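The following exercises concern secondary structure and its packing. Each task is followed by a solution in steps.

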Amino acid sequence: MEERESETSNKKKNKPWAFWSWAFASVIFRLILAYFPRNLNFSARPEVSTPLTSFRRLAEGYWLKQSSMSPYAGSMYHGSPLLLSILGPLTVRRYLWTSVNCSDVKIVCRYFMDGNEGLPNQLICSLVFVIADFVTAMLIRSTGLNLQMAYNQSLKSLGLVRLLENSELILSGDIAALVYLWNPFTIISCVGLSTSPIENLVIMLSLYGACTRRVPLAAFGWVLATHLSLYPAILIVPVILLLGYGPDAPPRKLLLQKFRESCSCDCSSQDKEQTSLHKELANQSVQPMLFSWKPVVFFTLWACMWAFYVLVLCAISVKQYGGLREMFKRTYGFILTVEDLAPNIGVLWYFFAEVFDFFRNFFLIVFHVNILFMLLPLAIRLNHRPCFLAFVYIAIASMLKSYPSVGDLALYMGLLGLDQLLRISIQLYADMQLSFFLFCGYVGVSLLSPVMHNLWIWRGTGNANFYFATAMAYACLQVCIIFSFISFMKTLTIILVVESVGAMLNHDRKLRKLSATAA
Amino acid sequence: MAFPRFAILFLFLLFFLSQSIGKEEEFSEELLLKPLPDRKVLAHFHFQSRVPPTETHGPHHRLFPKAIYQLVHKFHIREMELSFTQGRWNYERWGGNDPISSNNAKPPGVELWAVFDVPQDQVDASWKNLTHTLSGLFCASINFLESSTTYSAPDWGFRQFAGNLRYGTLPREAVCTENLTPWLKLLPCRDKAGLSVLMDRPSIYRGYYHSQRLHLTSTEFDSTGLNMGIVLEQTLTVVLQPNNPGNSMTYSSDSTLPQSWSLSSLFGRKVGGKCVLAKSSNIFVQLEGDLVSELNSRKKENERDDTDNLDFEGSWSNFGFELSVSPDSVINEINSVHKGGPSVMYKFLVENYSDSKPFDLGLMWKIPVAWSCPQAPLQDNRFLMGSGNERGAIAISLKPIKQSEGFQTPDINNRDKCSFHVNVFQVVPWYVKVYYHTLQIFVDGKPQSVPDVVTKMRVSPSEDKVSPGVMELALKLPCGIMSAALTLDFDKGFLHIDEYPPDANQGFDIPSAVVSFPDFRASVNFLEDASSNKSPLLVKMQERSPVLSYTEVLLVPLTTPDFSMPYNVITITCTVFALYFGSLLNVLRRRMGEEERLLKSKAAKKNEQFPVLLSKLYAKLRGRPWEPPQSSTSTSSSSSSSSLLSSKLLIKVVLVAAVAAGWQYYSR
């Protein structure tokens, strides 16, 4: 035992150093990859750059704006005008070609088909995205720390010390952050110059703000995330839950049960001291489950303020190009009515390319209502685990959204690593039978999808159905992951119940023994 | 710009002409024949009808087609041009700097542009109505130009008109006799008499290039009071290969004898006199300046005293060739700007001939001669770059045809400072999504920064399913360039299955780009003796129109979805969503029950019949011996429950996979 403890302490000492080294290694890895954009050419992959996140479209929007046209003219750019003014100047090309030979009728242009951007600007751009990724990882880490503290507290209040002992083996947040940083999808979307790292950053900012109860930060992150890509608007539910209940509240039923048990314990035991202790315990545990309205009201106020602020900024920047109405039409309208039917990893592009025009509106409503429909049941079920709820929401949105990219996948993978309970239980019980299947599925899809895309688009030997089949498999995988993790969460709650009951019984037994010996 | 001023001057001239001639309707028919350097013959029919203004002469006409008159009045057309073309004008061989090529070389398919005399907001409505009317009038699918995705409103890149110009092309329109017949119906003599008798359908459509054009100029609605009525100009330009069985075998070499031809060998018909309604009916044979000087130099070499003379039996012989009919007059070009020298026109009056004495002009070459046509300053080519169906690039390359010579420039003296302008006008359909920020310009193979070369640029980017992308560029290029190129990257769009044409895998056409050289004017001045009744064709050739050329039509293959399976896609996608919805609902709903069950089993061990039964059932289903649940340890129960779930899920996944496999099998 002593040896083990020393080992764990060693680990504890080593861990921070190891974390930082791994984190920096990932940053350096990104920078190395970013230095060879022409060889990798991730920015043109349909998995990375959707019409919403494509950097090339952003460059076109900026060019249009510079030539005093609306950046939204021409159905090219569909992002935020703020992003345009921040990232736009980095897209200006410099003339740095080395080998262009146009002597003959056929222009032998090696620049073509690769990143056309001049090298230094391109590096600065990727630096921005690397920094965004790194900051996101840091936010995940500190959110994780926060969550773990809260979780330990709640476990203590439940008296589940056994779980706590085991959980000491795992260091909070680090793994989640490293999972986020070293996720190949994150790396690809970062190196591929899509704007999804920035969207992920603001989403994470919101969750971090909510976890640490920094209401203005949470509101800022939420408003900005909603502004950048519409779907994070649904994260208002977990954010409010986080603010209301605190980062980690045990299930209400568990506490009630515990309370009941302690009461029954109370009745059985004659010792007054212990009764008072129990009462204290019960009070402690009951307290955090009260929904505190104050931060929520603050959040609403702050969100209104930030939204107003963002809208004013947008209105200023699109004033001469049709105003806010045009902006909403070209951003949110473009997201909601799936106009661009270019293939991506989702399923909606092919669906809306094939569906009869008569039914188009119906299916648009169905698919988007599907996202909204599940919000409330999930919120009721999982209100004690807001971070997990956020994961489920993001996963659902990334499956049903109109232009999904692997950036969303990267985010919800990171959030998945964040949930303490899940990780502990995975470690303790290794109960995720499907995890291997899911892992294989993800690997398979991510390998097959480029192959099918190549067969269809570039070689012309395949068929659209080939690529659509991989998109279908990907959607199924996401269904599986949502399903299995929620059902796993359910079993976890049962475990918790069982554990708590067991712990309670043990406690009672000990008390009885004590009282017996005292007697 | 000198052009508008000159045009006004010209209009004045026409005005006075019409005043002096009298205020009658007039119709004239003319045919220009021109041997081409590559053994082909250009035949250019030119019919012109003019009607005096309605204000002074009323709305009733003797000659002028009523349909056109009504069209002009209904849609308030100031100017309109409609052309049906098959084949591509070969700028390199057939010339690019003369009025014929800059006015009559048209992009393949249908091209329509019109200037309306209506307020700005009604222009589009007028255009839409006009396309439908013309579609009915000419038996063509011009009504496809109604959709806002096909037409554009060029500002200055195409013509020098502000505002009310609309321009649209249908590159894939097949042109045939059903378009020619209504066109001929507009002529007072149809094809029963006069020059149009020559339009034998098989011989016309056998040609290498065929373009029928209808040009309308109306001043009916002019506010300046310069009302001269409507001028309808109908031209048919064909490039034919004369097929004389005698000397057709020698093709390639430079010194071969040019192909001799006659009207009957070209068209298979002869002209039996003029259309009686025509004011004038002339046939011209034009020899290029280069050809004339070549012949003259040959003559000097040979030093034979073989002057132009009248032979016996009415034929007319020159040193190099012999005309079977002696021309009524020979007209020389004046103020020639081309380096070859002045070109020569031989004029024949058709009114001297009749059915009994048909006119059959033949041109017989005597010596082998090679020459070239006047070229545009730069030859333009357009092509696609890249492979695959995801993205590509459009490149327009501009090159002088003869690299060594360079070309004539307005001010050739200060060569290093000298520069000339090139206007490029390009319309790109919306499914070719051009990134205009990727515009790159190469001069002599070196990339140039865009502001250095582009003096003026107007881009209206394409909007999905609403409008095409229009780019108008004014380039300023140095004189002595060897090559210039523009490239633009694009992404290929993906369309809804209804938007694909029936032959989707053929690809989509990007209409021709128009490259014009505003510094150069294509005009040929012919010195004619009697200026009172000037031939409309020669007047037309004197107009200083800018040198204009069309690039190739590009064929862009777009990716196609599987057209056969909308139902499959809908059902399968919906299955996945149902799977998502059902499983999520299931997992949310069932949690409650199981938990309660578990609690029940915890609380009262006697009442555990149901879960045991359930687990027995599952055990049977899974073919495993049933193990009684050990309720004291939590792990096993939870694991069993979750494994049950996961097995169910696996079954579902396998089911979906089976469905998918079946679908794939079926779709094969």
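**Exercise 1.** Which residue stands opposite Leu323(B) in E16(B)?

*Solution.* The model is predicted: local features need pLDDT of at least 70, side-chain atom pairs count only at pLDDT 80 or more, and totals for chains, interfaces and linings use all residues. Residues are numbered from 1 along each chain as its sequence is written, while chains are lettered from A and ligands numbered from 1 in the order in which they are written.

Step 1. Strands (E, at least two residues) and helices (H or I, at least four) are DSSP runs, numbered from the N terminus. Two strands pair if DSSP finds at least two bridges between them.

Step 2. Strand E13 (residues 321–323) of chain B is joined to E16(B) by three bridges, and the two run antiparallel. Opposite Leu323(B) stands Leu363(B).

Step 3. Strand E9 (residues 261–262) of chain B also pairs with strand E16 (residues 362–365) of chain B, in the antiparallel sense and over two bridges. Here Trp261(B) has Leu363(B) as its bridge partner.

**Exercise 2.** Describe the open sheet of twelve strands in chain B and its pairing of E1(B) with E10(B).

*Solution.* Step 1. The strand order reads E5-E6-E4-E3-E7-E8-E2-E1-E10-E15-E14-E27, and the pairing is mixed.

Step 1. Its edges are strand E5 (151–152) and strand E27 (525–526) of chain B, each of which pairs on one side only.

Step 2. Strand E1 (residues 26–35) and strand E10 (residues 280–287) of chain B are parallel and share six bridges. Val285(B) in E10(B) is the bridge partner of Leu33(B).

**Exercise 3.** How do H10(A) and H11(A) pack against H9(A)?

*Solution.* Step 1. Helix H9 (residues 196–211) and helix H10 (residues 215–228) of chain A have axes that come within 7 Å and cross at roughly 150°. The two helices are therefore roughly antiparallel; angles over 145 degrees receive that name, those under 35 count as roughly parallel, 65 to 115 as roughly perpendicular and the rest as oblique.

Step 1. This crossing is left-handed, and the residues of the contact comprise twelve nonpolar, three polar and one charged. Ala, Val, Leu, Ile, Met, Phe, Trp, Tyr, Cys and Pro count as nonpolar, Asp, Glu, Lys and Arg as charged, and the others, Gly among them, as polar.

Step 2. Helix H11 (residues 236–245) of chain A packs against H9(A) at an angle of about 20°, with the axes 8 Å apart. H9(A) and H11(A) are therefore roughly parallel.

Step 3. The crossing of H9(A) and H11(A) is right-handed. Ser206(A), Ala210(A) and Cys211(A) of H9(A) meet Val239(A), Leu242(A) and Leu243(A) of H11(A), where contact requires C-beta atoms, placed from the backbone, within 7 Å. By class, five of these residues are nonpolar, one is polar and none is charged.

**Exercise 4.** Which residues of chain B does UniProt list as "transmembrane region", and what is their secondary structure?

*Solution.* Step 1. The unreviewed UniProt entry lists residues 567–588 of chain B under this name. Its positions are given in the numbering used here, and annotations may be inferred rather than shown by experiment.

Step 1. In the model, residues 567–588 of chain B are 100% helix and 0% strand, and their end C-alpha atoms lie 31 Å apart.

Note on methods:
Axes fitted to C-alpha atoms, helices over the stretch in contact; angles between N-to-C directions. Left-handed = near helix turned anticlockwise from the far one by under 90°. Contact = placed C-beta atoms within 7 Å.
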